[in-house]
Each structure stands twice: as structure tokens, then as C-alpha cells.
Amino acid sequence: MDVRAYLSGLGACLLALGSFGCDGTPMPEDAGMERTDAGPPVPASTEHCAYEAAPPTGGAGGTVTSGPLMAGTAEALLDLPLGTAVGSYTARAETLGNAGFLPAPDQRHTDLAVAFAPSVGIETIPRIRGLALSSGGESVVILKVDLSLSYQGFVHDVERALGPEFSGKVIVATSHSHSSFGDYTGHSGLKLGFSEFRNTVYSALVTQLTEVARAALADLQPAQIGFHLDPEFDLTNAVNRDRRGEDDVPPGSGGPGDQQLFMIRVDTEAGEPMAMLPVFGIHGTIHSEDNVLISTDSIGGIERVLEESFDTPVLVMHLQGAGGDTSPAGQGSTNCSGVEVCADFGRPETVGIAALSEIREAYDAAGAAMQGEVALEMLTRTVPLGPDWTTFRIRDGGLEYTPWDATTYADGEVYDSSGNLISPIDEFNAPFGAALCGNGETAGLHLQRAALRGSDTLREYSYYNCLRVDQIVGVLRTLFSVEIEDAPICETTTTTVSALRIGDWMIGTLPGEPVQDIRNLVQELSPVAADHTIVVGYSQDHGGYLLRPENWLAGGYEPSISFWGPLEGEYVAEQTAAVMALAATPEREDGNAGGVPHPVVPMVTDDIPLDDAPLAGTVPETMPDYLLAHRFQTLASLQPPPTIERIDNAFFTWIGDDPLRGTPRITIERETAPDTWETVVRRSGRPVQDGDILLTWTPNPILRQAGVPRTHYYTAEFQVAAPMGMSGLEAVEDRRGFPAGTYRFHVVHPNYTVNSDPFEVVPATLDAAVETSGSDATVTLSFENVNGYRLLDVRGARSNEVVPIRDAAVEVTVGMGAPMSLMTNADGQVTVPGGVGNIVIITDAFGNTVTVNP
């Protein structure tokens with residue numbers, strides 16, 4: 001979640017109005033903090049929060065025993081309505097006069113997204129993936145969903161739905177895509193990046209997570225498991241790279257990305273592949289805040305490439321490691337300069353291509369010592385956070401806070417003469433928490449009214465820009481049109497951590513965005529060897545960035561997304577380690593016995609009206625006045641043309657249903673015999689239904705008007721290139737060889753099915769530039785689709801610009817002569833002997849052709 005983009009706007013509002021909020025209401029001086037003339041400070045009240053205790057850990061009591069391993073897998077497409085907010089970037093919020101998120105005439109808003117950018121289409125469909133493991137009387141489920149962050153409500157509600165035996169036995173991890181859905185977290189402090197909590201979205205998520213968990217459990221079968229660590233992953237930073245220069249030595253020198261690649265491999269008892277779980281950190285931030293099409297981003301690119309390295313639909317579930325200070329790398333694929341509704345949708349695949357070899361090597365290495373019998377134990381615990389400052393004692397009491405009274409000024413002394421942090425820490429005097437922290441070099445605000453006492457002299461540290469939550473919560477409610485409860489924000493008062501032991505390997509979860517130093521600390525504190533300790537971030541809950549005190553103090557923007565100061569991240573790491581220690585014992589403990597109650601998920605009624613859709617599943621008789629399409633293209637027809645060349649784009653528009661009734665799924669079908677159609681599939685057997693196909697949604701009228709019927713139009717776009725992983729055409733350079741034939745769009749929705757008119761795919765007419773030398777002609781072969789979005793070159797050419805046909809065999813006919821077999825070079829050039837003065841026909845291996853007359 002990135003809050004930097006809105007800080008200047010927030011500052012302008014606060015500074016212009018002085019002591020008043022943006023709605024004109026006074027900002028109270030230290031509101032809510034009870035004071036007496038005598039007596040010690042007491043923690044702020046949480047009486048406005050509702051809590052519930054988790055039931056005892058399933059199967060607690062007795063002894064952990066080894067047993068034959070059973071495993072099951074499941075995956076499903078996440079079905080959330082278009083119009084839901086696109087989460088993660090605060091810059092997608094409409095604040096301070098921003099009129100909308102798309103160019104006129106489409107400055108739409110939705111009842112779900114409120115003042116945030118609504119999702120208007122899908123590039124890649126988010127997935128829910130599940131792995132169930134069972135051994136020795138213990139059954140656990142690992143779920144991973146393509147969302148930006150987890151929420152502890154998911155964990156407890158899915159456990160409840162599965163039954164008491166699964167209390168403490170479910171992990172809900174997330175991908176951290178910054179282009180997935182919002183509207184689902186009950187953490188009101190995070191609504192600044194995810195919009196208002198919507199029960200419509202949350203309930204659908206819990207239901208679908210539970211369904212995938214049950215499907216994985218139903219699939220349980222005799223299995224074996226293997227592990228591997230590659231400690232030197234991606235040394236060239238082709239997959240991920242450092243994103244936090246403040247921790248470099250020296251600062252800003254450019255450190256590595258997450259170089260720890262853990263691999264968990266699961267096979268059937270017979271040795272058939274079931275699941276691949278690569279674990280390493282990488283942000284899902286290839287697409288910027290301008291993107292409003294749902295996408296699985298870099299992590300999805302990795303998973304999709306890995307899926308198509310198998311001949312069957314093996315479950316590929318990437319889990320986050322130390323992603324807090326790690327950005328995606330890859331290479332640019334699409335030029336979107338000056339174009340609206342455009343994102344570099346090909347670049348995530350380049351990340352996957354860069355990672356493929358090393359991840360497959362780790363997978364093979366994990367297969368060298370597969371185990372069919374293991375001991376299994378999992379524990380989950382809700383642990384306290386603020387507002388009690390004594391909670392945050394870390395390093396065996398070596399670091400702690402002074403009591404929080406909101407009035408005492410800091411002494412300004414942070415480190416001692418030996419470079420050690422001075423304890424107790426008096427600089428973070430925030431009884432209700434503080435956010436948007438950062439040093440004076442970081443984009444942010446230093447507002448005297450809301451600042452920490454004494455922070456004026458601490459410009460080099462992240463205390464400088466901290467704003468006390470109780471002082472800014474009213475302003476934030478107004479700016480972002482979201483409900484935020486009074487401070488302390490209830491979800492900041494607890495978080496959830498888990499530990500899972502599988503044989504002599506340990507998995508520990510972290511509820512936020514761990515930097516590498518935090519990951520390393522958990523491994524140091526682990527009851528098993530560091531190289532057998534797998535840390536999974538972005539799981540079970542989310543409290544922001546997880547930093548060690550020294551990281552937090554060094555600045556950067558990461559401290560801006562935290563609530564309890566420099567000690568919070570390391571405290572959470574220690575709590576995970578404590579649960580891991582329990583999981584390592586021979587006893588089956590009750591992990592919840594040492595925990596605290598967790599906040600109750602908000603109970604809200606969305607009351608969003610549904611539009612009637614009597615024409616759903618039909619094609620409009622006339623072209624609507626406006627349809628949204630990728631790159632804001634103007635469509636010439638509602639149906640694809642009867643004939644279309646490879647590399648060009650085919651479109652199909654139909655009338656669908658209100659998005660709240662479900663999302664249409666689109667596949668491409670090929671006619672294999674008269675009136676017989678077959679779904680186009682990838683190497684793994686999965687249908688081609690996203691990534692290669694874009695979906696956009698246009699309601700008419702754009703904005704809901706009382707008493708005015710609305711029609712919901714949907715447009716599918718398919719660039720006619722071989723889909724990723726198509727058998728026989730797996731290489732990127734083979735994509736211009738999409739098989740010729742007759743195809744159609746096939747659309748399925750819970751309430752209708754509709755097909756497009758058939759269209760015939762024919763070979764492309766290539767582009768050619770000719771230079772002559774004597775009687776020879778040098779021809780540069782290429783193709784170009786300025787509206788393309790597919791990855792078509794991995795050697796530097798933008799896929800929507802001129803793409804050379806590199807190092808390719810071509811057939812060349814000069815005049816009436818016999819065909820010659822020649823090769824293009826790396827720049828797409830081929831020299832044709834005797835070509836000058838003759839008609840030259842050049843055809844590539846796929847039948848794409850061009851005729852020139854040098």
C-alpha cells in the first residue's frame with residue numbers, strides 16, 4: 001500500500017484550515033486521552049471495540065506423531081464484482097477535487113468503490129489456490145488469494161466455516177498485487193488504500209476461500225513432500241531488486257533483492273507432480289495507480305509461466321517472503337506513453353521468464369529427498385499490539401517504550417555514544433498510535449498540532465513526520481469518504497500469527513510486509529535451523545511494514561504504513577518465533593490459550609440496488625454511443641470481423657448482467673468440424689481465459705440515476721497471437737504462429753451464455769524495409785500492432801511498436817526462381833542475393849508473408 005501520493009494534498013488541507021479539519025470541524029487537542037492531575041498514565045481505552053475469543057486450537061492435547069502424508073490441491077477463479085475498488089494505491093482515492101479516474105466521458109463512480117477508483121475490467125483473473133496436508137491426526141490448509149493484503153477476519157471466519165477441528169489450522173496468504181480488488185478489509189486504518197469495507201465483497205471472499213479449502217481437503221490422497229533452499233536466487237536482479245535504499249550499506253548503494261528462494265514440492269505417492277510452492281519476496285507493483293483493470297501483476301506472471309512448464313494442471317502457489325524491501329524487475333514490454341487505460345501487461349510475464357530456470361532447478365532439487373511420512377503441527381495465535389506500551393518490550397527487555405501520556409516531550413537522544421538505541425524510548429509518545437511517519441527527507445508532513453511531542457529536533461529520524469492517529473482520524477474520514485472508528489483503531493490493537501511444522505521444516509507467518517532484516521531475525525529466533533525456516537509474509541493479517549527499530553528510524557516511506565512505532569515490527573517477529581517454538585515441541589498445545597481476543601468483523605448492510613438485465617446474453621442491435629476499451633480505443637464493430645490477420649486485435653461486445661450477479665468468463669473456441677467447437681487450451685490443459693484476453697465493462701448510463709434503467713455492456717479483446725504456454729508454440733517468438741482457422745469468443749455467466757460470430761484467423765502480412773547493395777537486397781522483416789498488449793519480444797522491442805523477426809528461418813522466392821531457405825539475423829535482417837529488380841516473396845515458418853520489389 002502506497003500512501004505517498006496523497007500526503008501533499010492532506011498537508012494542503014490541514015495547513016489551509018489550521019486547527020480545523022477539512023470539513024471545518026475543530027481538531028481537538030489530544031482528544032480522547034483521559035488525564036488526571038496525578039497518577040501514572042494508563043493505556044487508552046478500547047471500550048469502543050468489539051472483540052471475540054478464538055476457540056481452542058483444534059486437536060490440542062496429546063502428542064505430535066509422524067504419519068503417512070496425505071495432500072490435496074484446489075484452485076478457483078476469484079469472482080468479485082467489477083465496480084469494486086481497485087486496492088493498494090492511496091493515489092486511487094478521489095481527494096481534493098479530483099473529478100474522476102477515467103477520461104471523459106467515463107468519469108465513473110460506483111456504489112462499491114465510493115470515492116476510490118472502481119475496477120472497470122480484468123486483465124488477469126485473481127485466483128484462490130489451496131493446499132491441504134494431513135498426517136498423524138493433524139489436518140491443515142494453506143490458502144493463497146490474489147489480493148494485496150490479508151485480514152485476520154478471513155482466518156477466523158474460514159476456520160469457523162470448516163469446523164472446530166480447523167481452529168488454528170488455516171493460513172490465508174496473499175500475493176500483494178497492487179491491481180487487485182479492495183473493499184474487503186475491516187482494518188479501517190487501511191481503508192485509505194482499499195476504500196470502505198463492503199460485506200458484499202468480504203462475504204464472497206470468505207465463501208470462496210472456504211470452498212477452495214473444502215475442495216483441497218476433499219482431494220486428500222497419499223503424497224510425499226520435499227523442500228529446498230537456494231540462498232543465491234536471482235543474483236543478477238532480473239526477477240526482483242532492492243526497493244529500500246535506506247538499509248543499504250552505505251545508504252542508497254543498491255542492495256540485493258530477496259535472494260532466498262525456498263521451494264516446497266508436493267507429489268503423489270506415485271511421484272506425479274501435485275504442487276509447487278516457491279517462496280521469495282517481490283512486490284506486486286509493475287502496474288501503477290493509473291491502472292484500473294484487475295491484474296495479478298508480477299506474482300501472477302511468475303505463477304502463469306511456471307504453470308505452463310508442466311503438462312498437467314499442477315498447483316503453483318507463490319508465497320511471499322521478504323517482500324517489504326523488494327520490487328519486481330523484468331523488462332518493459334508495452335509503450336503506454338500518453339495513452340489512457342493502458343498498462344504494461346506483458347512485463348509480468350518477463351519476470352516469470354527470468355525466474356523460470358532457477359525455480360525449476362529448486363523444484364528438481366526438492367525432489368531429491370521426498371518424504372512420505374512426516375510429523376505435522378500448526379498453531380495460530382492472536383497477539384496484542386497497542387495501546388498498552390508495555391506490550392512492545394523486545395530483545396529480552398532491552399528495548400521498550402516509556403509510558404505514553406501524549407504530553408511529555410522527548411529528550412531528543414536516540415542513540416548512545418556506542419551507536420546503540422537508548423531505552424526506554426521516549427520519542428514515540430503516541431497513546432493511540434501514530435501513522436504517516438518518516439524523516440525530513442521523506443515525502444510527508446510535519447504538522448505541529450498532530451506531531452509527536454519533541455519531534456521538531458528529530459528531523460533525521462522517522463519520528464519527525466509521525467502524526468498521532470487521534471489527531472487526524474476525523475480529517476481522514478472526510479478526505480477519503482470512509483468510516484474510521486475512534487482511536488485507537490480497533491484492528492491496530494491485535495494481530496494474528498501462525499507456525500506450521502512439517503517434519504524438520506518450520507513455516508512462520510508474518511502479518512504484514514517484512515523487510516529482509518525482519519525475515520532474517522525470525523530465522524535466527526527459530527527453534528529449527530535458519531535454512532529450514534520458511535517465513536511467509538503478507539499472511540494472516542496486515543499491520544503495514546514490518547521493520548526492525550534501526551530500519552524504522554532510518555526513514556524511507558515504509559514507516560509511514562505502521563501504527564506503533566519502531567518496536568512494532570520486531571515485536572511481531574518475536575511473537576511469531578514464540579508460536580514456532582510451541583510448534584517444535586512434542587506436545588499438541590493450544591496456541592490460542594496464550595493469545596487475546598480479536599476484533600469482530602464489521603457487520604454492515606451494503607444496500608446496493610441491482611439493475612434489471614432483461615437483455616443479458618444478447619448482442620446489441622446498434623453500436624452504443626460509448627464503449628470502454630483498452631487504450632481507450634474506438635470500436636468499429638460489436639462483432640469480430642469475418643477475417644483477421646495474426647497479431648491484430650479482435651473484439652466482441654455483448655449485453656450482460658449487473659456485475660453484482662457475477663463476472664462473465666470468456667474463452668476462445670476453435671471450430672474443429674462443422675458446428676463443433678473446442679476450447680483453446682494451454683500446455684497445462686488450462687483454458688485460455690485471461691491475460692491473452694482483456695475484459696472491459698461499460699454501464700449505460702455511466703452513473704446510476706434514480707428511475708433510469710441501466711444497460712451493462714461488456715467487451716472482450718483478443719490479440720491474435722499464440723496464447724502463453726500454447727503447445728508447440730511456447731516460445732515468445734512463436735506467438736506470430738497462432739494456428740490459422742475459424743474461432744469465436746465463448747462467454748459464460750451464471751445467468752446466460754453467448755457466442756460471437758465466427759472469425760477466420762489468417763497469416764499476417766509482414767512489414768519490410770529494404771536496402772540495396774549492388775544486385776543484393778537486405779530486407780528487415782518485422783510486424784507492428786500499435787494497440788497490442790501481448791508480450792511478443794524479450795530482446796528489447798516494445799510489443800506494440802516495431803517487433804523484428806529475429807534469428808528466424810524464412811523462405812525467399814526471387815522472381816520465377818526456386819525458393820531459398822535463408823535466416824534473418826538478430827535485427828530481423830535477411831540479405832537476398834539477386835533481389836534487386838525482381839519481385840521478392842518472403843514467408844516465415846508460420847506462413848506470414850510479405851512481397852517486395854527492390
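Author: Happy to; what follows goes from the sheet to the helices and then to the backbone.

This is a predicted model, in which local features need pLDDT of at least 70 and side-chain atom pairs count only at pLDDT 80 or more, while totals for chains, interfaces and linings use all residues. Residues are numbered from 1 along each chain as its sequence is written, and side-chain values use heavy atoms, with hydrogens and water left out.

Let's start with the sheet. It is open, with 8 strands in the order S7-S6-S5-S3-S8-S10-S11-S13, and its pairing is mixed. Its edges are strand S7 (170-174) and strand S13 (315-316), each of which pairs on one side only. Strands here are DSSP runs of E with at least two residues, helices are runs of H or I with at least four, and both are numbered from the N terminus. Two strands pair if DSSP finds at least two bridges between them. Within the sheet, strand S3 (residues 70-77) and strand S5 (residues 127-135) are antiparallel partners over 8 bridges. If you want a place to look, Ala76 has Ile128 in S5 as its bridge partner.

Now for a helix on the sheet. Helix H6 (residues 347-366) lies across strand S8 (221-230), strand S10 (261-268) and strand S11 (273-279), and runs at about 55 degrees to S10. Axes are lines fitted to C-alpha atoms, for helices over the stretch in contact, and angles run from 0 to 180 degrees between N-to-C directions.

H6 also has a helix neighbour. Two packed helices are described by the angle between their axes and the distance between the axes. The axes of helix H5 (residues 297-307) and H6 come within 7 Å and cross at roughly 50 degrees. The two helices are therefore oblique to each other; angles under 35 degrees count as roughly parallel, over 145 as roughly antiparallel, 65 to 115 as roughly perpendicular and the rest as oblique. The crossing of H5 and H6 is right-handed, meaning that the near helix is turned clockwise from the far one by less than a right angle. From H5, residues including Ile302, Val305 and Leu306 meet H6 residues, among them Val351, Ile353 and Leu356, where contact means heavy atoms within 4.5 Å. By class, this contact of H5 with H6 has 8 nonpolar, 3 polar and 2 charged residues. Ala, Val, Leu, Ile, Met, Phe, Trp, Tyr, Cys and Pro count as nonpolar, Asp, Glu, Lys and Arg as charged, and the others, Gly among them, as polar.

Another helix pair is worth a visit. Helix H2 (residues 152-162) packs on helix H4 (residues 199-218) at an angle of about 50 degrees, with the axes 9 Å apart. H2 and H4 are therefore oblique to each other, and their crossing is right-handed. Phe154, Val158 and Leu162 are among the H2 residues that meet H4, where the partners include Leu205, Leu209 and Leu217. The contact of H2 with H4 divides into 10 nonpolar, 2 polar and 2 charged residues.

Finally, the backbone spots. Val114, in the loop between S3 and strand S4 (121-122), has a positive phi of about 55 degrees although it is not a glycine. Val114 is partly exposed, with a relative accessible area of 28%; buried means under 20%, exposed over 50% and partly exposed in between (1.4 Å probe, protein chains only). In the loop between strand S15 (373-384) and strand S16 (434-435) you will find Pro387, and the peptide bond from Gly386 to Pro387 is cis, with omega near 10 degrees.
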